Amino acid sequence: MILLRLAWRNLWRNRRRTLLTTTTMALGLTVLLVTLGLGDGSHLQMINSAVRSGSGHVLIQARGYQELGGVERTLSGQQRRAVAGWVLEKEHSFGIIGTAPRISASVLGSSSDGSVGVQLIAVQAEAEARISRFAETVAEGEFLTSKDSGKVLVGVGVARKLKIGLGDKMVLMGQGAQGEIESIVVRIKGLIRTGLVEFDQVLVLADLATGQDFLQLDQRVHQFAVLLDDMNLASPLAAAATRAFPELEVLDWQQALPQLADFIRIDDGGAYVFHFFLFMLIAFMVFNTLLMSVLERRREFALLEALGLVAGQRFLLVLLEATLIAVLALLWGMALGLSLHAYLAMYGLPLDIISTSELSVAGVAFEPIMYSSLSPARILQAMIVVFGMSLMLAMVAARRAALAGDIRLLGSH
Amino acid sequence: MLFVLLGWRNLWRKPGRSAISIAAIASGLFFLILLLGISVGLKEQMLSNGTSLLQGHLQVHHRDYLPDRGLYDLIGGDQDALELEALIETLEAQPQFEAVAPRLYGFSLISTGEQSAGAQLLGIDPRLESRVTSFLEGMVAGKSLTPVAQGQVLLGATLAKELRASTGDEIAAVTQAADGSLGNELYQVAGILKTGLSHLDRVLAVIHYRDLQQLLVLRSWAVHELALRIERPELADSVADELNQSGLLPVDSLAQGWGELAPQLRDYVGLIDSFYGFLIGFISFFAALGVLNTMLMAVFERTQEFGMVGALGMTPLQILVTVLVETLVLVSLGIGLGLLISFLVMQPLSAHGIDLSRWTGGLTMLNTRIDPVIRFGWAGKHLVWSVIGMVAAALLASLIPARRIARMDPVVALRGVVEGSG
């Protein structure tokens with residue numbers, strides 16, 4: 001107990017040294033928090049952007065649809081009602097924001113100026129607006145409503161290739177569910193710019209009923225997309241859906257967007273190496289500071305030995321001091337790091353000074369502002385890492401201090 | 001001169017203290033170089049993943065070909081002639097170009113008899129193509145020395161599934177030829193491609209460019225595109241400018257770098273750059289502060305010593321000169337040591353890189369054709385700023401407190417009480 005009091009007094013006896021040591025540790029924690037926050041935040045942003053620009057967190061569809069596609073691979077009316085009812089049931093327990101039925105098909109789009117292959121996506125307009133970004137990406141005209149039978153929105157690239165604009169007509173032609181070639185004349189209600197150039201060159205968006213009518217699907221749909229509040233619940237929900245509907249295909253976003261999942265793993269790997277070296281840098285800086293402060297006190301330790309403190313007690317004393325310093329540094333570092341994180345989470349780090357065009361990574365539109373994001377587990381991780389490291393390094397320094405007690409040093413400067 | 005000697009001697013009087021200061025600078029610099037090295041490596045990896053799959057670093061087209069990719073906008077089409085082989089040879093003879101590959105594009109309906117689908121035909125010279133891009137490595141079925149001979153076709157994986165076609169099957173391609181006639185031809189499926197880009201796998205059909213010329217009823221010099229690989233991809237835009245002014249290309253053609261061809265990639269690379277720029281700046285600041293703190297401690301520790309030499313008659317200026325000499329020696333040794341270790345460690349890291357799949361797990365990496373190896377690179381400009389930051393921090397940490405102590409009454413300093421210092 002007396003050692004603890006002695007340690008506490010020692011801290012304030014040399015305020016400058018305490019301040020310098022805690023500053024180094026606290027700033028180390030701050031750097032770690034900000035770097036982790038921005039790294040995690042950019043991933044989260046990419047995933048959010050991806051699930052919002054089409055896939056959703058969980059997809060429920062007919063078996064084989066992901067790999068093979070095909071107009072005839074649908075959910076029957078009965079399956080569709082069963083899935084919709086099941087999703088409604090799970091709404092609260094999984095934090096489901098919305099769910100939307102969709103049809104999609106590769107068809108030929110033509111105007112008097114030519115034809116291009118397009119990707120027709122037919123959606124329930126009101127449900128879709130809740131779960132995806134399509135409604136926000138309308139560049140010209142307006143988004144669909146469920147009364148818009150026979151009207152479509154087209155990607156800006158499609159409009160340019162076919163030389164069509166608002167109010168113009170185009171013809172869609174493709175294989176229907178019965179195997180016959182079907183066609184329909186539609187009118188352009190708006191233009192869409194998703195930010196993905198390749199996607200904008202093929203996208204045609206129609207109301208669900210229009211698509212079902214065109215492709216002879218009656219009440220059938222190809223897939224259900226589910227959007228969640230917390231993406232970490234995507235895999236559990238997908239697992240639950242697989243159990244409930246073993247005859248269907250259920251994908252979480254990693255399975256639906258394998259390229260993005262790979263990209264994120266690669267990026268994670270890079271971040272892992274980056275953080276490893278950052279951590280080493282912080283460790284060395286803290287260690288240097290601690291060593292310097294112990295070295296400076298050799299005379300003091302010699303005095304303590306003369307006063308009767310044995311090596312173990314001196315070791316304990318330095319360790320106690322280090323613990324107190326680490327606690328102070330932790331408090332300070334958390335305050336500084338978390339306020340910087342809060343600022344970056346709210347206002348973000350603008351990186352768009354150089355950007356001129358729309359951005360996409362691995363097929364996902366990307367915002368040029370990076371927002372910080374830290375889970376409680378990450379914060380705890382950073383705290384434990386810095387605290388544990390400081391104590392461990394202090395132990396090495398303390399050992400030196402304990403052995404340094406040489407009475408002869410009392411006379412030296 | 002005496003004070004320079006004094007400064008030098010002081011350094012070795014307390015070797016432990018000097019060693020810690022040197023270690024602080026050296027380790028700070030070393031880890032900054034490694035962190036910068038990763039960020040350069042990640043950027044280069046991004047760039048090479050973005051350009052080496054299909055695009056190439058540089059492309060040459062007829063100036064009207066992009067963005068609509070019209071069938072008639074051929075390179076040299078305005079004169080109705082092109083010495084294709086001679087042009088490729090001339091370009092390959094230039095030191096800045098490593099490889100050149102000609103390409104021809106077309107749309108067609110592909111049919112197996114029961115199933116049919118629309119496809120983008122890409123006509124290539126298989127021998128030249130594999131030296132510029134890597135998409136031919138994504139072959140999941142079918143193996144031969146030449147990936148696609150004349151009379152053969154490679155299908156994108158999704159397209160092949162839609163057509164229910166497999167290796168050895170025969171498919172028919174039907175298209176509108178350049179002269180307005182209906183061109184059609186049979187090809188044998190020689191392989192299935194998984195490029196890793198889903199939109200490509202859905203539409204891509206690769207044949208020999210000579211076959212495509214015949215199918216489209218075009219002459220034997222007709223190509224839409226030359227894709228080039230250059231030695232330093234980051235200079236693509238200026239290399240393209242030089243090529244445009246060199247007179248080597250037909251007058252109606254235009255060379256463009258990857259940045260112009262894929263502004264998104266350029267922006268993303270820029271984004272990664274400024275993201276890491278911010279992080280590194282932040283971390284450099286921390287490293288400089290770490291050095292500052294260590295050296296501040298070392299200087300304040302010497303309050304009594306400065307009081308002593310002051311009492312012996314050294315002026316504050318003379319004390320400052322000795323401290324300056326000490327600091328400069330420490331800084332030079334620290335930076336020298338840091339650079340030396342960095343060179344030794346960076347050597348294998350930049351040559352072989354770190355294989356990220358060790359941390360990221362198995363992955364479908366081969367299918368997506370993303371290279372999981374980061375090769376560390378030297379970041380010249382950032383590195384200079386980090387060194388300057390270190391030097392400034394060290395000088396600041398020594399000289400300012402030293403000046404304050406030197407100006408103190410030697411008697412007070414001798415007691416060693418500068419603001420609660422023990």
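Which residues in H2(B) meet residues in H12(B)? In this predicted model, local features need pLDDT of at least 70 and side-chain atom pairs count only at pLDDT 80 or more, whereas totals for chains, interfaces and linings use all residues. Residues are numbered from 1 along each chain as its sequence is written, with chains lettered from A and ligands numbered from 1 in the order in which they are written.

On the side of H2(B), the residues are B:Ser18, B:Ser21, B:Ile22, B:Ile25, B:Ala26, B:Leu29, B:Phe30, B:Ile33 and B:Gly37; their partners in H12(B) include B:Leu330, B:Gly334, B:Gly338, B:Ser342 and B:Leu349. Contact requires C-beta atoms, placed from the backbone, to lie within 7 Å. The axes of H2 (residues 15–52) and H12 (residues 316–351) of chain B lie 8 Å apart at an angle of about 35°. Axes are lines fitted to C-alpha atoms, for helices over the stretch in contact, and angles run from 0 to 180 degrees between N-to-C directions. Helices are DSSP runs (H or I, at least four residues), as are strands (E, at least two), numbered from the N terminus.

Between the chains, 57 residues of chain A are in contact with 58 residues of chain B. Among the elements of chain A that give two or more residues to this side are H2 (15–55) and H12 (258–295). The most come from H12(A), with 24 residues. The side of chain A that touches chain B comprises 28 nonpolar, 18 polar and 11 charged residues.

Terms used:
Two residues are in contact if their C-beta atoms, placed from the backbone, lie within 7 Å. Ala, Val, Leu, Ile, Met, Phe, Trp, Tyr, Cys and Pro count as nonpolar, Asp, Glu, Lys and Arg as charged, and the others, Gly among them, as polar.
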